[in-house]
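Trainee: I would like to go through this model with you, one point at a time. Can we start with the annotation and work inwards?

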Protein chains: 6
Amino acid sequence: MKKIVTFGQIMMRLSPPGFSRFVQAHTFDITYAGGEANVGIATAQWGVEAVHVTRFPDHDIGHAAVMYLRKYGLNTSEIRFGGDRIPVYYVENGANARASQVIYDRMNDSFCTLDETEFDWERILKGADWFHFTGITPALSESAANACLKAVQTARKLGVKVSADVNYRKGLWQWGKTPQEIMPALVDHCDLIVCGNSNADDLFGITPKSGDKNSWVSTMKQVMERFPNLKLVLDTKRQSISASHNELKGKAFDGNTYFKTGSHDLHHIVDRIGSGDAFIAAFLFGYDYYKNDVQRTLDFATAAAALKHTVEGDFNLVSIDEVERLATGDTSGKLSR
Amino acid sequence: MKKIVTFGQIMMRLSPPGFSRFVQAHTFDITYAGGEANVGIATAQWGVEAVHVTRFPDHDIGHAAVMYLRKYGLNTSEIRFGGDRIPVYYVENGANARASQVIYDRMNDSFCTLDETEFDWERILKGADWFHFTGITPALSESAANACLKAVQTARKLGVKVSADVNYRKGLWQWGKTPQEIMPALVDHCDLIVCGNSNADDLFGITPKSGDKNSWVSTMKQVMERFPNLKLVLDTKRQSISASHNELKGKAFDGNTYFKTGSHDLHHIVDRIGSGDAFIAAFLFGYDYYKNDVQRTLDFATAAAALKHTVEGDFNLVSIDEVERLATGDTSGKLSR
Amino acid sequence: MKKIVTFGQIMMRLSPPGFSRFVQAHTFDITYAGGEANVGIATAQWGVEAVHVTRFPDHDIGHAAVMYLRKYGLNTSEIRFGGDRIPVYYVENGANARASQVIYDRMNDSFCTLDETEFDWERILKGADWFHFTGITPALSESAANACLKAVQTARKLGVKVSADVNYRKGLWQWGKTPQEIMPALVDHCDLIVCGNSNADDLFGITPKSGDKNSWVSTMKQVMERFPNLKLVLDTKRQSISASHNELKGKAFDGNTYFKTGSHDLHHIVDRIGSGDAFIAAFLFGYDYYKNDVQRTLDFATAAAALKHTVEGDFNLVSIDEVERLATGDTSGKLSR
Amino acid sequence: MKKIVTFGQIMMRLSPPGFSRFVQAHTFDITYAGGEANVGIATAQWGVEAVHVTRFPDHDIGHAAVMYLRKYGLNTSEIRFGGDRIPVYYVENGANARASQVIYDRMNDSFCTLDETEFDWERILKGADWFHFTGITPALSESAANACLKAVQTARKLGVKVSADVNYRKGLWQWGKTPQEIMPALVDHCDLIVCGNSNADDLFGITPKSGDKNSWVSTMKQVMERFPNLKLVLDTKRQSISASHNELKGKAFDGNTYFKTGSHDLHHIVDRIGSGDAFIAAFLFGYDYYKNDVQRTLDFATAAAALKHTVEGDFNLVSIDEVERLATGDTSGKLSR
Amino acid sequence: MKKIVTFGQIMMRLSPPGFSRFVQAHTFDITYAGGEANVGIATAQWGVEAVHVTRFPDHDIGHAAVMYLRKYGLNTSEIRFGGDRIPVYYVENGANARASQVIYDRMNDSFCTLDETEFDWERILKGADWFHFTGITPALSESAANACLKAVQTARKLGVKVSADVNYRKGLWQWGKTPQEIMPALVDHCDLIVCGNSNADDLFGITPKSGDKNSWVSTMKQVMERFPNLKLVLDTKRQSISASHNELKGKAFDGNTYFKTGSHDLHHIVDRIGSGDAFIAAFLFGYDYYKNDVQRTLDFATAAAALKHTVEGDFNLVSIDEVERLATGDTSGKLSR
Amino acid sequence: MKKIVTFGQIMMRLSPPGFSRFVQAHTFDITYAGGEANVGIATAQWGVEAVHVTRFPDHDIGHAAVMYLRKYGLNTSEIRFGGDRIPVYYVENGANARASQVIYDRMNDSFCTLDETEFDWERILKGADWFHFTGITPALSESAANACLKAVQTARKLGVKVSADVNYRKGLWQWGKTPQEIMPALVDHCDLIVCGNSNADDLFGITPKSGDKNSWVSTMKQVMERFPNLKLVLDTKRQSISASHNELKGKAFDGNTYFKTGSHDLHHIVDRIGSGDAFIAAFLFGYDYYKNDVQRTLDFATAAAALKHTVEGDFNLVSIDEVERLATGDTSGKLSR
């Protein structure tokens, strides 16, 4: 993969240090992240040109966000400036039986109020292998949904493959249309999506056929029939033993074959956020890197998602080598000198 | 003074440590403040019951704000919960020729979207000596302006004195009415305001009479004629030699006499924000404490404002004794064991 | 429960950050806590009016302590000022086989030197549901012991229920009398105590009857016979696998029935201190909340104690909802957005 | 100015926080900087494409350096990887009569051991307005000196203007040749240099003519005769009243006219390092921006150098607007909302 | 000077970071210091063997104190262990007109409760040039006063010179005797003291003779007559313009000649504590170093005291070279590379 | 054991806080350590006189290193000053499947460039029980190897026992000779070494005899035959389940008997570095303490190594009591008050 284009809102992430609860915090650690940019940045660590398209206010906090993304390798040249505010989300780190908490303050920001005509998708997408978005982007505002539709249409026209994490969040979608009205037209242009059973039900009204042994495969078969451009659907399965200890597996379906990985034992979780983005990023990267070998790619992607839990912040700052070692079974974490 | 009631928006204040610029910051120091609450808290340090009326979202960041205010002595029992967001302002600390910077993100928050019927002003104001607001409150939204008007009307009815910092900020006032339409009705109920010449011009169209020797007195005389409930008008005069070094004087006019203080030399400014609130708070407190002696009160209030520049955050966390020592000329800052 | 009154010493808690040993520390994190205030604060999070009675030096560190307690919702209006020093305890956080360490410097402080006449217990206890103390309070000084006796006597007179964590610490009790001389008169007024077998032996000379199957129940039966006002005795059982990993169960006895909970698996302990206080606080709260259903209350209290291990500092800053989720078996700690 | 190319070593800068002495430090703040890169980054803030050419070890600290530079807008695409170590300099912040201290550990690093053939100067310099280096680059190693010579020769060939801060540091120059042997050939290609009288004497043996009124002009006249490509020579004059308080002026000579600025009063110095780089960066930028008006450019450059003293780290992270305000006499540092 | 022995209490110093007030502090910076140890440590930086005699509790905080002192070069082999507590003092950093504040919690600690027989002064003082104490040591407890008397008697017997900072603090001296009863016997053995006019009055009832032009010289002449072992008396004169800005001069009297220094302008004070200890330490060191040249020694000592204001904590961590540069008039604080 | 002498390089250790990756770090925590000094310091905690011999640059960073070592009880009087640089190693803390990483920058430092004649081994080793070095010392430079040889020869001559951790690191050994040429002559003088099978193969070409049941014993038997001065060989066996979870056992062979310990379960690893040094230090100490009882000593040493994983930094800052508790089976980590 040479180039990926991602499109979506970037928020300032404010987290109390360590295991401090919000009400105890005197300082916040500052990062900036967003589901789509997280995907771009993960691939940028591995040499891909990752162009992220978004919109920030034209003040020093907006500039700080750009500089943060640039540091981690994102091509920020297509970021537009305008609007009033940078959105914020607050992340409190849980432990054992106490869950991590996220509070969002993301509406009416510079991304939500973007002007759908301000992005020249033909130029932006030129030469890209993939365009990636999530179900959050069209949920935020009408102009965001419209811009997203233009992007996927242009991608299809230019032969750029499209991937999406359909990611339905009920609390969003306040701008007038329902996800059921908007998402199908977007997924229609997708080559690959991350989708679980509940998303399929919520967004497309598709449920497993009774009698089918594997309910996810049953559902995804129908999803792929409904959206014939889809070549692959992916998902992860997380078992939450406690906030500090999860287990994670990956799965994929290509219309015929069901692929799955072994289970990663995630003790000592450092940061719970962003593993889904790490998964899709590594899948898109690995699918090319492993020459369309779905099983190896899925192993790689799931290992990447597992490693994400050891990195502070949303971004998956790990090397190809670190992921491959875990993907091929080395969980030892032996000191490297 | 036994009890003061203040009404206004509280924002989360996020500041990079030390002299770090926004684009360099990795952490923010968290405080919560607002012009009116700053006044309440300054007086609460000196034993006054200070009730602040505002509205926060009903989530852990909203609760954190309440707990922060409660720590510093505010009576938070009249705070209401509702709405979606806590407003934020970002403060960058300047030095020498580099100015301090403030970026606001305060619109559409839980205060702006308050329901003007949710405050029972009769109960809230009962037994209060003063009700205080600033020109920012009515600027934020229609319901805030309406609630403020009800508050001042109720105060007048109950014999509670009203003070205001008229504080015109052009960038606000986006909800449909102009300050010229709204502010006069509010100031009409005031006993005391902080007002400078440019405010008088912007808000009331009042300018100094040519020929009058002291232009501020000339203007304020007309302001007091226009608003006959006014007993006193106040102002401070700041000379900004650099971001690290200011000079500050106070002045007052009671319709007849013009009072002023000597100049405070503010080297080594620790925090530039909140000195205006410290000034009015100390004036309201001192006016009672010094049995209506305007000159002593003005000296006390200006010393309080001067000391505020040595305290981190918006709040004036100083003792009566510290203020009196400075007000009576001891600038030595001698080590106290 | 509407109101609880607690009485006891508050210390400044100084802890090196993270897993730093005392000799490595360059900074201390500052909190303020005490067994009884911890109980008050836990209930204050859940809407109870929690009045804590103590005594601090009248200087800025004493005031800082008051402000800290007020932040977390304690009613501090009955705190008295006097004496010379604020007591200190130093807490070093252990890991795996290295134990956490506490060093106390609590004698001769403002609480130990209180004047037993300075608290008007009739006024303080008016309208309270519970008065709570621990065995540490009478251990500290003669005047503290006398004040505690007056408090429990007044409580009984006013129909305020009394609870105590009998908590025998041999190293204290240096003021002349033994706990065996003092504690019985205090427990005599109690409706509920937390007491283990070794405490019963040390303080009251009561040991299990040989032949009784459950030695704790055997002992507590005798304790309840000796102190006929007691309606309930409680205890927790902790299995320490390592400093980072404990198991915890709760038990209760009402004179007839023995209640117990399942075991909480406490991996990844964030803070080891204060879980006993969290337990009794949640029991007092839950007993009313669950309308005297001992089993549900015990499940709730033990879950609260378990969650305490995930919160930095002594205070149990968790919501009713968080406790109930764990009490009813959800240990998943799933990310909450 | 559209594009600038800079060439030189980048070091990790490790500074104790605040005014801590080295022997007291428990943590270091990490930045990365170098005289030439500082110039590039200052101009990158103002929209210039700034390409920095250097060499880092191919490990995570080397990558961290690249990411740091990229954050601040440098084009890092011409950085090469190889060699063993990243150089370090330690900076201790002085105050009042106690001087700031710098300790260098910069030899034998990846830059010193560069291979002079690994930079394709024709491609790198294409389209550049300026190439900039300092006298430190050729001092570090033979291959660095050779690469620098190739760069200036290529620049001249391509019509790219060359600037240099001649900056003689006696402690360096350990690789075999003296600066007197190397520097003249480099300066021979320069259009503009920063040079003081002592540098002129040390490097070129040029001293003021006795009888000339202005000794710097006298010297620079001779320097410009010796190096006829020079169009401008610049210098700053610093008066060090204390480590916290300096005065700074700028001067320039174009062969005919002597330009100078007023004096900037630098109280409350935040960071003493990098003002010389800020000066030359702003001069190169301003010379184009002000259409070759030397006086305005010099005022702008000196104001930029003055503002640098208020910014932590080596980089001059200030806006054009901030510099212009100071350059045109506004030293007030008034709060900007 | 080869060896100095100092005797006195060491306290843990807890300071909020930056300019935070006590009530705002979430963390304390930890150091350990005491007037006499400060003297020892200042000389240890310059190669003197500095033995400090004190007593700590035998727990990890006591050991941390020892390790802290050892780091800064103190010979800690004569420190004894016993008693219960380490004393604490809290230091709040003032700015401009807001004074720095110190709150002490030093009574009943391991030093106050020392056993006067546990120090073998003959062995400890062997080979020492100076024994140094302050007026605080005998103020703390009877056994401390007795031990101090034994120390000075032994010193005199062994020919070890004795110096004292008489330093009268009224709030101390609670153990039964007055300073007027105790101090004369101690000063009687001194060769050199630091003493101001108010100390002379408070402790010895000596006041300037009316008519004498220089009141300090007048007083000290009488002091030297009263205590004929005294060879030199010293003092500093501080002018406190603000908490951030002081002026400092030194003076000395040898019975005949009055010596004084120019005034040091102390802008930008970093840490106000310990300059008196820095002064006496540098005097004792310099008196030998400059072969009894009182003027040069006084210049050196006053420069050392001036530099102390730039160093965080109580200790004067400066080099001989830094002090000499300032003592001979170089106040420039020029960057040292 | 009364006295131990250790010889080796000390590096500055720079670690990002918490689980931050290198590329995310804004600050480094600073410690100073080295394999041999770690051994000295561990024993110094337990009252042994530990003299460490090394060489630092004569500047404030070099002095800071000395002060750091002195704090932790090392006798630093034999440290020499000279050379240019202090070496650095960067440590990134791993978690779960992500390994910890170390990057070294240790060549050409003041230790590597030592002059082998500058250490007076006869004086230094006088009265020592043990001299200890590691295989890293001779790997660094020719003069280091020569000095090490002189040290072991002198030790043997003086009857000082010699221990070594043979510790072969392939990446070092760049000065011209191979470890196979150098190490045998050094080990020849050793009484005790830490050696694993791969070291035996790499350094001495010794491999287990086929047919021998225990391959380590088989190898070590041959090693002891080859180096007849050896009385004991030791090793640890680490099972790395993840970066956060290891298991550790100790083993020893005295030529006849094979000793081993049970397995320590190291969950929640705080710091992975230095456990090998903790092991040998505790063995040398315990061998004397337990009067040559190898099994008890091995249990003690392995428990010490296990506890090291709970302490930040390289040094094993644990008490004898803490080690003995674990060595005798108490893994509970119960809160110690």
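Mentor: Gladly. This is a predicted model, in which local features need pLDDT of at least 70, side-chain atom pairs count only at pLDDT 80 or more, and totals for chains, interfaces and linings use all residues. Residues are numbered from 1 along each chain as its sequence is written, while chains are lettered from A and ligands numbered from 1 in the order in which they are written.

Trainee: Which UniProt domain annotation covers residues 1-313 of chain A?

Mentor: The record is an unreviewed UniProt entry. Its positions are given in the numbering used here, feature names are shortened, and annotations may be inferred rather than shown by experiment. For residues 1-313 of chain A the entry gives "domain: Carbohydrate kinase PfkB".

Trainee: How far apart are the end C-alpha atoms over residues 1-313 of chain A?

Mentor: Take the composition on the way. Helices (H or I, at least four residues) and strands (E, at least two) are DSSP runs, numbered from the N terminus. Residues 1-313 of chain A are 35% helix and 24% strand, and the end C-alpha atoms are separated by 25 Å.

Trainee: What axis relates chain E to chain B?

Mentor: Superpose by least squares on the C-alpha atoms of residues with pLDDT of at least 70 in both copies. A 120 degrees rotation, with 0.0 Å of shift along its axis, brings chain E onto chain B at RMSD 0.0 Å. That relation is a three-fold axis.

Trainee: Which residue of chain E has the C-alpha nearest the axis?

Mentor: The distance is 4.5 Å. The residue is E:H268.

Trainee: Which strands of chain A each supply at least two residues of the side that touches chain C?

Mentor: Contact means that two C-beta atoms, placed from the backbone, lie within 7 Å. Here 20 residues come from chain A and 20 residues from chain C. The strands on the chain A side are strand 8 (101-105) and strand 12 (232-242).

Trainee: How do the residues of the side of chain A that touches chain C divide?

Mentor: Ala, Val, Leu, Ile, Met, Phe, Trp, Tyr, Cys and Pro count as nonpolar, Asp, Glu, Lys and Arg as charged, and the others, Gly among them, as polar. The chain A side then has seven nonpolar, 10 polar and three charged.

Trainee: What span should helix 2 of chain A have?

Mentor: The expected span is 1.5 Å times one less than the number of residues. Helix 2 (residues 60-71) has 12 residues, and its end C-alpha atoms are 16 Å apart.

Trainee: Which residue with positive phi follows helix 2 of chain A?

Mentor: Phi there is near 100 degrees. The residue is A:G73.

Trainee: Is B:N167 buried or exposed?

Mentor: A residue is buried if 20 or more other C-beta atoms lie within 10 Å of its own, exposed if 12 or fewer, and partly exposed in between, with C-beta atoms placed from the backbone. B:N167 sits in the loop between strand 10 (161-165) and helix 6 (179-187) of chain B. Its phi is positive, about 40 degrees, although it is not a glycine. With 22 C-beta neighbours inside 10 Å, B:N167 is buried.

Trainee: Where does F:I10 lie?

Mentor: F:I10 has 28 C-beta neighbours inside 10 Å, so it counts as buried. Beyond four places in sequence, its contacts include F:Y32, F:T54 and F:A65. Its place is the loop between strand 1 (3-7) and strand 2 (11-15) of chain F.
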